[in-house]
Amino acid sequence: MDNTENPQGTVVPPVEGVAGGGTAYGWNDGGSSCSLKGSIDLTEVPAADLVHVWCMPSTANVGPQEMPRHLEPINLLAARNERESVQIALRPKVSWSSSGNAGVLQVQCSDLCSTTGDRLIVGQSLTLRRVVPILGVPDALVPIDLPTSQIGLLPGETTALWVSIDVPSAQPPGLYEGEIVITSKADTESLSQCLGKGEKHQLFMELRNCLDIVEPIDGKLLDEVVERAKCATTTLRRVLFSPLFSEFFSDNGPIDMMDEDAISNLSVRVKLSLTVWDFILPATPSLPAVFGISDTVIEDRFGVQHGSDDWYEALDQHFKWLLQYRISPYFCRWGESMRVLTYTSPWPADHPKSDEYFSDPRLAAYAVPYRQPVSSNNDGAKDYLQKEVEILRTKAHWKKAYFYLWDEPLNMDHYNSVRNMASEIHAYAPDARVLTTYYCGPSDAPLAPTPFESFVKVPKFLRPHTQIYCTSEWVLGNREDLVKDILTELQPENGEEWWTYVCMGPSDPHPNWHLGMRGTQHRAVMWRVWKEGGTGFLYWGANCYEKATAPSAEIRFRRGLPPGDGVLFYPGEVFSSSRQPVASLRLERILSGLQDIEYLNLYASRFNRDEGLALLEKTGIYLGPERYTFEHMPIDVMRGEIFNTCRP
């Protein structure tokens, strides 16, 4: 698809973003949509005369001032068991609404069909989500109804839809084709006519949620009453001013629904084709990517008591939802001095749910807790660790197990605590893997003359108490040559591994997942892991926003952290009545990066790793932490090269 030309002939300015770029914020095209004079008969005016429609790749940050391009057919390539995404951008040319909105569009999707009759079904394999800004940056991906939904546009602003296609593992290879049909609608249609069943239920649940927030205030502290009132106000404001609600009301009465045949002839049709090739991404990710979920954030926001049935249900929902992103979740609870309790299953090892979790092929690694996640009043708690390990060691999935005990130890006391806990674990299981994250050696006992040399010497200091040495990418800066120094210190023949992580740093222009960075910058985190030869990746938190006591409360990023750091998805209740988490655009790009690793592994297995590195360089995708593509085209070139050279 063409992302450079502009059908209006205006000059598109340099693209600049909040941090790393990739959006068009701060630039005004000087031409907010004008209102049509007099009445307009939407049965006679083509939607193309009312709205610009064009396509953008998944790595584009489509801001409200994104300028239109030519509409071209969407052509995608995907393996089986892969998700591939693209965006459709919508920008009103004029306002045809009598309300404060520019107008309303109806979006309809068809199944994707092959010539042999196979299908990728709308609502199952094909999903649409609306890109919603967070702090003015496109990030939240809020689901919309399928196969038909209503979208409200704002004057002079671009709206983006995120289209995802999930290809089942058993899907026959071939070319699949379908379309997305966009039709202009009158905003004076009655609410009951325009809204689908799901949207009506959404409005009902939003308003009822206000009552649920403000009613139980008897005997509450003043601070909590104030917070509840603020939450209710936020919800009401969101409902009243959302296009879903306000765009259907005006001083005019309802008119008859337009003839659907007439609408279809005037619609914009976005052609969508997907080539499914005969390669299946492995169900178990090649690279374990372990991401933390704060259980205390869940407890506070959703009002569930630790260890209650609702608590188990909430954790179960988050675990299963995050698995779809090729991520191995673990739950975490922070203690003193960065000690952390981590566990993948809240149930004990002999519980059927634990075996279900750990045996799931989509889970590449799981965290075993050092102590009970749920406190027990019986004396058996003191023998908990030994019993857990004895049970798990009999299981085939034990090879996935690891212990994550302390986050970024800083001094001798911290390091000695890690050594002592690890010694206890290894007394019960000599083959247990202990993971330690660090960005420095102990500050009060330098291991070498310089800070980096001290950092490199940590394995000698922690051996044999740590098997997975997980280091910060921030420490490396742009010196990829330092990776060799780190790897030289490790003993892979003794089961030692090198994993990496990002947390706060590194900052722009290096790859990270901060809000406002380029799309390729988000995706490049995993390109960097593959190029440097890491065998795993850790991220400290996916839901670590500021504390709130209502599910629908406004999301606030934690003070002192870069926007978006530690937050990769949002509670669904913030945007609608749905309890399903809402993915960030950044989380989708993490998935794409993890899928890229599978492509590169396929290529390296067919040829060799050096050839895979050469492919990264030849296509210009990733050469180093400050030298990677800003454009999407090299990604398609790399994937196409692998498709052509590795096909059966």
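These legends describe close-up views of a predicted model. Residues are numbered from 1 along each chain as its sequence is written, and side-chain values use heavy atoms, without hydrogens or water. Local features need pLDDT of at least 70 and side-chain atom pairs pLDDT 80 or more, while totals for chains, interfaces and linings use all residues.

**View A. An open sheet of 9 strands.** The order is S17-S16-S15-S23-S22-S21-S20-S19-S18, with mixed pairing. Strands are DSSP runs of E, at least two residues, numbered from the N terminus; two of them pair if DSSP finds at least two bridges between them. Strand S17 (340-343) and strand S18 (366-367) are the edge strands, each pairing on one side only. Strand S16 (residues 328-334) runs antiparallel to S17, joined by 4 bridges. Phenylalanine 331 has tyrosine 343 in S17 as its bridge partner.

**View B. A tilted pair of aromatic rings.** Tryptophan 321 and tyrosine 325 have ring centres 5.3 Å apart and planes at 55°, so the pair is tilted. Rings of Phe, Tyr and Trp (its six-membered ring) pair if their centres lie within 6.5 Å; planes under 30 degrees apart are stacked, over 60 edge-to-face, the rest tilted.

**View C. A cluster of aromatic rings.** Ring pairs link Trp311, Tyr312, Phe319, Trp347 and Tyr357. The whole structure holds 25 aromatic pairs.

**View D. Arginine over phenylalanine.** The charged end of arginine 518 sits over the ring of phenylalanine 630, 3.7 Å from its centre. Here CZ of Arg must be within 6 Å of the ring centre and within 35 degrees of the ring normal.
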